[in-house]
Amino acid sequence: MKEELEKRIIKGPDGLEFEVEPLRDYYCEAPPTVMPAAYSKIVEDLFNWARSESIWILGFGTGCGAIEMRPLMTPRFDAYRFGVQWRPTPRQSNLFIISGYLSVKTLKRVIRSYEQMQNPKYVIGLGSCTINGGMYWDSYNTIKRLDQYLPVDLYIAGCMPRPEALLAGFADLKKLIRSGKAEGANEYAEKFEWYKANQKRVINDWDMPDYNW
Amino acid sequence: MHELYEKLKQYYPLGELTEQRNNLAFITLKQEQLRPVLLHLRDKENYTHLVILTAVDWLEDNCFQLTYLLSNRTNATDIGLRLMIPRDNATMESIHDIWPTAATYQRELREMFGIDFPESPRVNEDFILEGWNDIPPYRRDFDTLKFSEETFAQRPGRETKDPAEHMKQKLYPDGA
Amino acid sequence: MAYQPDRSQYPQKKADGSLDIDLTSGKYLKLWQGPQHPGITGNMSVELTVCGDEVVEGITHVGYLHRGFEKLMERRTFIQCFPIVCRICVPEPDFNEYCYAAAVEELAGIEAPEYANWIRTLILEMGRINSYLMYCGGQAGSFGMGVISQWTTYVRDLMLDRFEELTGARIYHMFILPGGVRDRLPEGFAQRMEETLCEIESTMSDVYDTMYCNAVFKKRSVGVGVIDVDLMDSYGVTGPNARAGGVAKDVRKDQPYLVYPELEFEPILGQDSDIYTRADVRRQDLLQSVDLVRQILAKMPKEGALMAKIPSVMHWKIPRGETYVRGECSRGEYGYYLVTDGSGYPRRVNVRGPSYTHAMALLERMIVNLNIADVAGLMVSLHTYPPEIER
């Protein structure tokens with residue numbers, strides 16, 4: 001464990017001494033819970049319709065797919081017309097596009113960012129390398145199956161997928177959300193232990209609480 | 001390049017010279033000669049730009065080859081200095097005081113090949129990998145396929161064919 | 001106007017030269033910029049120690065994009081390496097293809113036909129234009145001008161269309177293979193290219209008016225992030241970063257490759273070596289590349305051989321040797337160091353990405369005494385592409 005995460009006594013600027021235990025004080029360790037559906041189906045459908053029309057993407061380019069995000073944001077392909085937009089922080093976004101291969105080092109940051117996003121949240125795996133490793137099938141540093149570590153709602157295949165493929169992917173994701181099938185966040189809460197075990201198997205340098213939001 | 005080699009040879013014992021192109025040559029030298037030769041090339045011969053510093057693993061000879069590639073912009077020539085160091089407990093003198101940028105290369109070599117450069121700044125910190133506890137990955141005896149099969153969950157159904165074998169079977173199915 | 005750092009209120013140095021920073025004093029704060037941060041180029045991170053609004057120390061962390069290419073290539077035959085090399089640097093993949101192909105050709109004693117060399121030069125210059133357009137948008141965006149990247153990304157898309165027409169792919173072209181190129185220019189390519197170039201020129205003149213003449217942009221970029229000329233060689237600075245300081249480093253002139261001897265151009269030089277000058281040098285470089293594409297299309301032969309004769313790729317063995325091949329990409333010197341051992345696989349490939357030195361050692365040195373808000377601008381102005389740092 002890193003030095004800054006250990007329990008220690010800190011002297012504040014005003015001269016007072018107090019004890020700090022970063023893992024307990026700075027994070028909340030409560031595991032995620034399943035978010036129940038609304039009390040009636042028609043209300044849940046309304047919610048899902050609203051969710052599907054405001055897909056806000058976390059602006060975290062994890063791999064090479066990030067390069068096709070720029071054209072999507074700009075007039076040529078203009079994803080904004082479908083209610084899709086990019087947000088700088090996990091707190092404001094509900095869709096995480098894993099844009100390509102994930103090295104083990106990035107996977108750790110991705111998990112952290114994903115857990116900081118608020119329910120309901122969705123994950124798209126972009127590119128062949130999120131499906132089965134793609135080009136990097138024999139690499140020692142990239143994960144081969146994204147769905148072992150995060151609940152994936154939709155894959156977009158290709159190396160690298162064109163912006164049009166992403167637009168089609170957004171349309172498909174909207175259908176999934178509207179029909180109530182995009183339940184990745186709940187699945188993550190249900191199979192939390194399994195996901196954590198998988199994550200810890202590849203991330204040797206685990207220095208964060210199990211669930212950080 | 002030959003004149004420069006002859007000139008250097010007056011001062012330092014040098015190994016063989018390989019002239020790859022008319023503006024690129026490689027010189028083999030001994031570990032102790034590196035620093036004086038580098039300083040000579042930088043200060044007297046205008047080889048002021050360290051292009052790369054990298055290593056090659058010659059597993060069968062049980063040694064690492066270190067390559068220091070220097071560039072002289074005024075006459076547009078490059079010199080590669082290569083030296084062999086033993087593979088066990090590989091250690092090399094750091095040159096970060098000659099070129100500050102060498103510290104980055106040395107950190108990478110430390111992590112990827114396990115070659116130690118004592119006194120190089122931050123050389124023992126994680127550089128690219130994080131929490132790595134296998135043998136350094138760029139060494140020849142590290143099997144990346146085996147490692148990835150053991151470590152990462154694979155999606156079933158993926159077939160990988162050796163292209164040479166596959167072509168042979170497709171073109172000559174009866175095994176002729 | 002040289003930037004004079006004022007270090008009076010900043011930490012003393014310890015005996016071993018490191019900074020004496022006591023985080024518990026409440027005076028300093030650790031602030032991570034990246035990897036999940038909009039003000040970072042690509043996927044890397046800078047660990048800042050700040051005192052108030054000023055950066056006291058910055059440590060770069062890379063490795064988020066490491067895929068181990070240099071290892072993977074040792075397990076692939078020479079031709080199998082060709083489709084994966086372009087993935088080393090995402091925004092400007094063509095230099096990987098060229099440098100790899102040229103290195104293999106040199107060691108195998110193959111010479112690519114002249115017509116193929118013209119097409120290669122064309123592709124490389126198109127790639128440079130692409131990369132510079134991306135840079136312009138990023139540089140403006142880092143100083144809060146989002147509209148510039150809307151314009152430049154649009155014209156970059158037009159250029160990607162030309163790429164698609166020629167190579168069949170938008171991002172990863174996989175076109176320059178050892179021995180030659182895959183295809184000839186399509187019918188009417190020159191004319192459509194000319195239209196695209198005109199569009200780029202007109203956009204760049206708009207960009208000049210709104211970005212380079214903008215008071216806010218000037219105020220924030222002039223005199224900030226100066227690279228000392230003495231540091232150029234010791235830190236291995238190449239390309240526009242060096243040229244903005246008046247050092248005429250340009251591989252295309254110093255060690256001409258492909259058909260550059262037959263083209264007319266002069267390296268663009270700047271003087272002040274600050275963020276503004278670097279941005280201006282890149283703008284002029286972009287326009288120069290536009291001119292070079294025109295020259296290439298006018299001068300190139302109409303027909304010719306695309307591929308030299310290469311041995312059967314299944315059993316292609318290259319005798320023992322080593323070489324280093326370089327090209328001038330939009331960020332500086334891109335190089336491949338290739339070692340072969342007589343087998344069908346490369347013994348060792350080492351990629352010299354120009355960002356390797358800019359984004360690590362140099363950035364850590366320049367970032368001190370900058371405002372937090374200027375860190376993103378400085379990083380973009382060094383034109384860092386993280387995938388080529390860690391491969």
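**Figure 1. Pairing of strands S4 and S5 in chain B of the predicted model.** Strand S4(B) and strand S5 of chain B, the latter formed by residues 77-86, run antiparallel and are joined by 10 bridges.

**Figure 2. Pairing of strands S3 and S4 in chain B.** Strand S3 of chain B spans residues 49-58 and runs antiparallel to S4(B), with nine bridges between them. One pair is formed by Trp58(B) and its bridge partner in S4(B), Cys63(B). The hairpin of S3(B) and S4(B) has four residues between its strands, and here Asn62(B) takes a positive phi near 55°.

Figure 3. S4(B) is bridged both to S3(B) and to S5(B).

**Figure 4. Contact between chain C and chain B.** Contacts link 31 residues of chain C with 32 residues of chain B. On the side of chain C that touches chain B, at least two residues each come from helices H1 (69-74), H8 (231-234) and H12 (355-366) and from strands S6 (321-329), S7 (332-340) and S8 (346-352). By residue class, this side of chain C consists of 11 charged, 10 polar and 10 nonpolar residues.

Definitions and conventions:
Residues numbered from 1 in each chain as written. Chains lettered and ligands numbered in written order. Predicted model: local features only at pLDDT ≥ 70, side-chain atom pairs only at ≥ 80, totals over all residues. Pairing = 2+ DSSP bridges. Contact = placed C-beta atoms within 7 Å. Nonpolar A, V, L, I, M, F, W, Y, C, P; charged D, E, K, R; others polar.
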